Amino acid sequence: NWLRGRAVVVVLHQLLGGTVERRTRDLFASVVAEDRVLEYLNRVKEVLWPGGGGSGNAMGREGGSGGRSEKEKAKSRQEASVLLGLLVPDAAGNVVGRGNAQSAARRIAAVVNNRRLMAHLVFTVLDEVVAVLFPVDGGRRKGGKG
């Protein structure tokens, strides 16, 4: 019984193996095609800068209509800081100590609320994603930069 099941698997692999592999290659080729990559980048750009913003500001938050007021932004920043102050000590308090975790939460809140640092972080992560998806020199990057 097992031998018959194995024989069926071998026959199916022989008949469909090339088709599955070909289909996988075709699918991957269509995902990384130039026009698709351009579409992905345009989507990322639209998420980062809705409506084609980005006038002078690294994160594209100033200017433009329909944005949040400074009061709303300050309230959101304060709420995020409070949440970080509560969550980080709970998550890491036992590992690094409660005082160190609270200090880390304050530092994280300061980094996240600094537009220049946050823009740098976003672009650094984006650079790394692009470097992983589209390696240069067979996956090795020289000098630490792509």
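What follows is a short exchange about salt bridges.

Modeller: This is a predicted model, in which local features need pLDDT of at least 70 and side-chain atom pairs count only at pLDDT 80 or more, while totals for chains, interfaces and linings use all residues. Residues are numbered from 1 along each chain as its sequence is written, and side-chain values use heavy atoms, with hydrogens and water left out.

Biologist: How many salt bridges does the structure hold?

Modeller: A salt bridge is a side-chain nitrogen of Lys or Arg within 4 Å of a carboxyl oxygen of Asp or Glu. By that rule, the number of salt bridges in the structure is three.

Biologist: Which residue forms a salt bridge with Arg43?

Modeller: The closest N and O atoms of this pair are 2.7 Å apart. Helices here are DSSP runs of H or I with at least four residues, numbered from the N terminus. The partner of Arg43 is Glu39.

Biologist: Is Lys73 buried or exposed?

Modeller: Lys73 meets Glu70 in a salt bridge, 3.7 Å from N to O, and both lie in helix H3 (residues 70-96). Buried means under 20% relative accessible area, exposed over 50%, and partly exposed in between (1.4 Å probe, protein chains only). Glu70, at 52%, counts as exposed. Lys73 has a relative accessible area of 7%, so Lys73 is buried.

Biologist: What is the relative accessible area of Asp90?

Modeller: Asp90 meets Arg98 in a salt bridge, with 3.5 Å from N to O. Arg98 is partly exposed at 45%. Asp90 counts as exposed, and its relative accessible area is 53%.

Definitions and conventions
Helix = DSSP H or I, 4+ residues; strand = E, 2+ residues; numbered from the N terminus.
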